[in-house]
Structure formats: C-alpha cells, structure tokens
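Biologist: Can you walk me through this one? I have it open.

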Amino acid sequence: MRDPIMNHRMDRRSFLRRTGSAALALGFPVPLRHGLSTLERSGKKPPILVVIFLRGGQDAVNTVIPYTEPHYEEFRPTIHIPVKGDQGERTVLKLTADLGLHPGLASFLPLWKAKRFAPVVAVGSPHPTRSHFDAQDFMEHAAPGLRTVRSGWLNRYLALTADRNGKDSHLRALAMQGLLPRSLRGEYPVFAVPRGLDGKTGKVLDLFGELYGADDKGMGQEMSEGMGGRRGKEGAPEDPVVAAGRTTIEALRRFQELQKRTPKSKVKYPRGPLSSKLQGIAKVIRAGEALEVACADWNGWDHHAQEGSLDGKMDRMHQEVSGSIHAFLQDLGEDARRTVVLTMTEFGRTVRENGNSGTDHGHGGTMFLAGGPVKGGKIYGKWPGIDPMSLYQGRDLAVTTDFRDVMAEVLQKHMGLRRIPKDFFPDYRPGKALGLL
Amino acid sequence: MERRLLLFCVLVIATATSSLDSQGTKRKQGTHVLELSETQKIRHVLSRFAFGPTPGLVERVRRQGLDAWFEDQLNQKGKSPKILQDRLADLDTWGRSAGDILLELQRVREDIGPDPKQKDRARLNRARNLSRNQLKDAVLFQAIYSGNQVIETATDFFRNHFNVSVNKGSVRYYATEYERDVLRKGALGNFAWLLEHSAKSPAMLFYLDNYLSRRPPSKQELKGIGRRVRRKTKSKKRAEEEVEIAKQRGLNENYGRELLELHTLGVDHYYRQKDVIEVAKALTGWTIHRDRKKNTISFSFRPDMHIQGAKTFLGKVIPENKKNPIREGEMVLERLVRHKGTAHFLAWKLCRWFINDNPSESCVQRIAKVFQKTRGDMKAVFRAIYHDSEFWSPENFQAKFKRPFEFVVSALRVTGAEVRSTRALHRALALLSEPIYECEDPTGYYDQAEAWNDPGVLAVRWSFAMKLATNKIPGVRIPDSFYADLHPSIPQVWKDQLARKMLPAGIGEKTDAILDDIIKKVVKKYKGGKVGRRRKPLKKVLAPLLVGLLLGSPEFQKQ
C-alpha cells in the first residue's frame, strides 16, 4: 500500500535535481504578453489558462504558513509544521519574513526563485457560506450568493470571445475528466474528455455521427441540414442532448487524432490523479492545438480528521500538486511562456484544529499562480493575521482579496480580454489591482 | 422488380405500424397534447418509478391496471424472476452483518500471518474488497431484475440523499448493512425512521466523522491517559505526547452540518453556523462500538464523550437530559423531521427526481403538505407524487435526462439482458462517472440533466450501447428471444418493432429517417457480401446494430 508514496518521494527528489532546467524552460526575461487583437493579427499562439480546482477546502493556514505568529502552534498543536528541525528534517519553507510554504510544496521553490510562482493569500468569497457545494458553485459561477447564475466564469469568457464565424477549434477549451467542472458549464460547448475508450471509438463515432447531426461524409450532412439539424429552420431550440452529442463527435475526433500523432512526454510526473490529468492537457498543447482553457479537478481536500503535519494525507497531496504543476510546465517547454496555471479551492479551514487532528470548514483560502506570465517570487494579498481578534467570526482566516479580483486580472492581463462586460461578474466591485501578471 | 416489391411491402407495413403507433401512443405532430394516452401513462410510470420496462412489462401492467400495479408496488407485492434469487444467492456477504464481514477478514489476516508474501497481499486485498464488490452487485442486480421497481427507485433516491462512500475507511464493511437494513427498509417506510437509523448507522457515523466527535477530555482523564501510556511504553516523552494529542480531541461538526444542509432543511435554510455547532454538541457521544465477543459492530452512545449542558437549536432550548442524554440528539432529529423546512426540502428534491428538473413551487408545496401531515410516511408521499397533476403533465413525459446508472440499468432491462458477470458494467458506470456507492461528496449523485449532459460523455454511452447490442460485454448477453418476434424478412419493420419496444415516446422523425438510411446501406453492403463474414442471416447482423443505435439515440437518453 505504501509503495506509491515511496516512488512519489523518489520522483520529487529527481524533480528537485532538475530545477535548473525548469527555470530555463520557463524562460527569462519577460514572457510574451499580448492582447487578443494583436494576437489575431500576428497569428501568434493564444494564451493558455489551466485551472485546477482543489475540492473540499484546502487548509490555507497549513498551505501558506504564518510561521512567526505565536498562535500558529498554539492553535494547531498536532498538525502544525515545525519551523526549526534537525539536519534533513522537513520544516516550513520560508518565502518571506512571516510566511512560508508547507514542505510538501517544495517543488514550487524553483519556480518561486525563477519568479514564476506566486501564492495569493487570504483570498475567497464575500459570501459567508461554509457549504462546500454552495461555495464551489459560487466560485465557479463567480457569483457569490446568486443561485440564479448557472453559467461558469470560464464558459462566459469563452462565449464572449468566441469566433463570430463559428471557426473556433473544438478543443479551444476542455476538461480532462469525464464531467465538466461548473466553471466550464454554460452555453459555449466545452468538451469533457471521456475515459476508457478503445480503438473502436472511431467507428462508433461514425455510426452516431448522423444521428447527432455531426458534419459527416456523404449523406449525413445533407440529412442533418434537410432535417433542420443545427438550429432548426423555424428557429426552434435544438435538443440539448443532440447538441452535446454533436460536440462530442467533433471534439473527440480531433482529440483522438492529436493523441495519435503526438509523442509521449519525456518529463516524469509524480504518480497520482492530478498528474495524469495535467499530462493529458500538456499533450494537447504539445500537439499544437489552439487550446486556451483547460480544467482539472482534484476532490479530497476535506480533511476533517487526521490531516497530518509532515506526513499524512495533506502532505502527500501537496507533493503531488507542486510536483505535477512543476512537471507540467517543464513538459510544455516553450509553451510554458504563454501558460498560467491557477489553483483554487472553495474555502480555507478553521484556524484552530478540531478534535480529530483535522480542521473544519472555514473562510479565507489560498490560490496559486504559476507559469511564464506570472510576476512571481512575491506573495499577493494582505495577510490578515491569525490572532483571535483578526479571525473571521472568531474562527477562520479572514478574506482580504475577493477571488474575482484574481479571475478578472487573469482574464484581462493574461487572456487579453480588454474590457470585462458589466454583468460578467454580477454584483462585483473590482478591488485594487494586484499586479499578478 | 424485387426491389420495388420490397419497397411496397415496407410502405404497407410502415403505414400499418404507424397507425398502430398513433393508436397506442397518440403522437400528434404539431398539436398540443393535453393528456397522455393510456400506453404513455404506463410508460411514464415505468420511466420514473421503475428503471424502464422489461420485455412484456408494459402489457402486464396494462392487464393489471396501472393504479393497481402501483399500489401493489408500494406494498412490495411484485414478483421477481428466479434469476434475481440465483444472483443474490451467489453474493454470500449480502446477507451478513458488519461484524461477520469483519470477522471473516480477520480470519484471512490471521491465516496469512504477520509476514505477508506477494500472493498473500493479493488475497488480503480480495478479502478487503469482497463485501464492497458484492454490495455493488446486490444494488445492480436488484435494480435490473427486481419485480418491485418502486422500492428500487425509492432506495436509489435515498442512497443518494443519505449518501456514504465505500472509499472512505471502514465504510466499505459497514455499507452492506446500511443498504440492506437502513435504506431498503426505510425507503417505503417512514422518513423519521430513516433519518434516525442513518444517524445511528456505523456507515454514516464513520463517513461523516461523528463517531469521533466528543467533548474535550477532563484533567483527570488526561492524567489517566498519561499513566496508561507510560506504563505501556515506559517512556515519559511518549506519555506527554499522547496527553497533548488527547487534549485536542473534541467536537467535529461534519455530520451536524450535512444533517441540516443535505438531509433535512437544505443549505442555509432556517439555520446558522451556531446551530451547526449546537447540533454537533447534542450528537456527541453517538459513536460506533465493536464488541469482539459478540462479534457485532453497532451504534453506541458513550455518555463520557457527550458534551453536557442545554443546547439551543433553531431558537429553542433543548434542555439537558442528565438521565438519558442520547435523547438530546434524538430530539434534534425529531424536531428536524417535524420542521416545515424539511418537508419542503424533501418534497422539492423528490419532485425534481421523479417529475422534472424544475418542478413548480405549487407542486412542491402539495407534496410537502403530505410529507408534513403524514410525518414523512414515504408511501403516502410517493402516492401523492403519483397522483399529482404535474406528474401526468405531457411536458414531463420523457423529459428527464437519464443518469448513467439509469441509462445502464434501463438498457439492460429493455433488452432483457442476462447478466452473469458485472465487472464490465461497474467499469462502464465508473467511466460514466457514477460508480455505485462511490460518490465522495455527501450530496450524493445529482440527478439533473445539467449535471450529466456534458459534451463528451455520450461517447461512453454509445460505446456501451454498441457493445451491449452486439453481445461484446463479457458476462452480459441479450437473449435470442429478444429478437424472436421480429418480422421474418423486412428490415424496416424490425426497426419499427424494436423502436416501439425500446423507446417510450416512440422514434423521432429524424432518428427514423437516419435509421432507414443506415438500413439501406447495410442491406446493400450485405448483398455485396461485405458484411457478415460467415454469411450470418441479415437479421443477425442488422438487428443488433439497430438495437445499439436505438440505445445510443437521443430518445433513449431520456426517461
């Protein structure tokens, strides 16, 4: 049972050895930065945004650690990370005079030194909910407290910037998992990459192509137009099942073609669920596809019990998060210059540990940004402190940065969206620019 | 000449069948249908209160009368085929208690000894997975074959409402009892009973951590712990460490929160964070006890873990009950069952599940009223849904997108498939993102189209459909009898016959035209000798293909 972990540690060490190459791959000096229009004119490759949602509530205080605050150890007697240790012992990885990383995140250090990695601290929602599912919905719809908003923020971005002639690549956006995260759901068709398909898939797609009105050789096209396939001649709305089926066929054909012609990666990823997803995304990018937005979920951050300190669940998960993102950027090579990886989580957890060496649902959380365009080597967001007077409702890390500030900045500064329409983030008042990108 | 004759035959039969169709299902083009026909009504009920029809079921229900059939179902008077008994009899852990399941595992462990070899590890893993895998099989077999489909769909609802996941710790050993003795027993019983027994089930106590939740230990207890550890380990340092750890033990609000948010009131309805903590306090001491002598694992109340004092919950005091502190938690549950918020939340969820994704508020209120009046008598609630005008509204006929579980089970049922091995079916469910008993989130699997109809997922359904239809799923076979009543020679008629069997709302115009087209192509290839390697009869080549296409069609994705 413990073998994978051992291998994993080995992998991490070998990553650290490759630090130098990663920094090189990310490239100095200043990375490409561009607005969409210049992009179109120059025919340059588009910016890429990879969003990783850590579901369950990543424990912010054991992620970016206020290691100098006296309350840190006091509030977390069994799960705090030691600041000092003997030779070879793992301790807080100090980033600044007051804040440091969980040692499981060591693979971020080379990126931090190369100024291509930045945490945003005490970031979260203005809405007080401690429900996972509401908090996730609110964050992915970028509409805290508004249950009527049903489209994801990334889907809204894609719809807003869609090619007017419908010439977008079918793989302009994708989720590397069987179902879409809510951030990608909405009117713009996005592909969720199905798993476990075999060599016969192509044949199956051809069979169902006509039934679902996908562009097809021969009869199918005539047929689907004749039957008013696409939009219906009277403008009747298309059956959503048929619409989803058509996108499935078109996107999956393209995806399989890319898979066939793209060689396997030479970069070694740590083993685990996130790694395999990022590896899949990297392959699409390496194939030269005009991918702009990709998502991957990792559920399992809800550590109510036995969260662990230097060892244990959270440590292993942190090792994979940092290790796989590091490997991913390395895998992308030159393309890492136009790629931003953004991690988010629905909320942080209680600052005090609970009765079972775990933590309960809290408020302020953490986001990570990594990649070429990131102005890294700096911690963003105001740290509110964890002394009892500063805590939100006396128990949680306060929120000092609205998560939409980060989203807005990523869309404007990285994705090249010139102006964010008024209702894009409903009921949102932009905060001060963070300068992340 | 021959061709013209064939075309003529097709025309004649097509008109004959389509008139049959219009008699049977009253499908009118372009006009607003005000009421479902009798056949549609039967098919509608079999789509919602059953995992679709099996061959011949629509006729049997028609003969009995739909209302009488439904009432029999509520009283579990349906007859299951022998295959179900046979399959369940093979699952030896399905009838066992959690205690016995763990005892068996312990025996294997002891047999292997402290130094396991490679093959022993495999054996141990098999032993660890045995009851979990058989539980999944028990759920699947009963959904496919049970003659009591109403309780199957009701259990399916509550399995997701009171979700636990076998991927968390020991839940896998407790879940068999949970499914059998809590969910199945309560699904057509009483909600108050279900709530209490889920709260007291080892599966739920473990899954949402309540078994750990307790008051912080007293100074005296800490001293006792220190002494014990020191005596045992002879180390002062270890003893101090253990005391430090023990000091931190205390309240865990995980179950308290989900009890309010997911099991009763609905998120942020009527309650606040303070209530979550008070509920968690009232439920301290509700834990799991393993009695090794009697070999049982069961709920137990530990007074020493309970947080004393009165609790204030939803603005009312729950007085301290020194004599019988377990009553405090029970009072919380009872108050929740009586609360109008619970009635509304449950009614809303049930209407979404059984009627449509967006039920009207008036419909929800009608069902909530019954729920509240009968104190959660689930038979009365399901009866109310069945008799509600909104349930019978033609707009709701075939209006729900099937969840993967519903898709797979209804495909197996409609084709009368014989299932001997389930491995490939569980794999298909996993690929479709709905493996049985593996929803990690306490929400359970959602059942709205929004949660399942993403571009991409249909490819997995199509692949499953084609494999099922061509008998390429190991251990699963569509019997020849399924094709026995097909017309002797005319392919277009096969299509009409199969569509009538398989699609409750009949075949759509577009699907119909495309299938005709595919039939023409296959017939041409067949005549040219390009398909049917060993010169199988055309029917053997074409009919399974049609079944696969129908299972993968847009029409079959709905119920």
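Modeller: One term to start: helices (H or I, at least four residues) and strands (E, at least two) are DSSP runs, numbered from the N terminus. The expected span of a helix is 1.5 Å times one less than its number of residues. This is a predicted model: local features need pLDDT of at least 70, side-chain atom pairs count only at pLDDT 80 or more, and totals for chains, interfaces and linings use all residues. Residues are numbered from 1 along each chain as its sequence is written, with chains lettered from A and ligands numbered from 1 in the order in which they are written.

Biologist: OK. What does helix α18 of chain B reach from its first C-alpha to its last?

Modeller: 18 Å, close to the 18 Å expected for the 13 residues, 361-373, of α18(B).

Biologist: Which residues of α18(B) are buried?

Modeller: B:Cys363, B:Val364, B:Ile367, B:Ala368, B:Val370 and B:Phe371. Buried means 20 or more other C-beta atoms within 10 Å of the residue's own, exposed means 12 or fewer, and partly exposed is in between, with C-beta atoms placed from the backbone. Down the axis of α18(B), the buried residues fall within an arc of 160° (taken from the directions from the helix axis to the C-beta atoms), so they line one face.

Biologist: And which exposed residues are on the face turned away?

Modeller: B:Glu361, B:Ser362 and B:Lys373.

Biologist: What do the buried residues of α18(B) pack against?

Modeller: α17 (340-354) and α19 (378-387) of chain B; contact means C-beta atoms, placed from the backbone, within 7 Å.

Biologist: New topic. What is the strand order in the open sheet of chain A?

Modeller: β2-β4-β3, with antiparallel pairing. Strands pair if DSSP finds at least two bridges between them.

Notes:
Contact = placed C-beta atoms within 7 Å.
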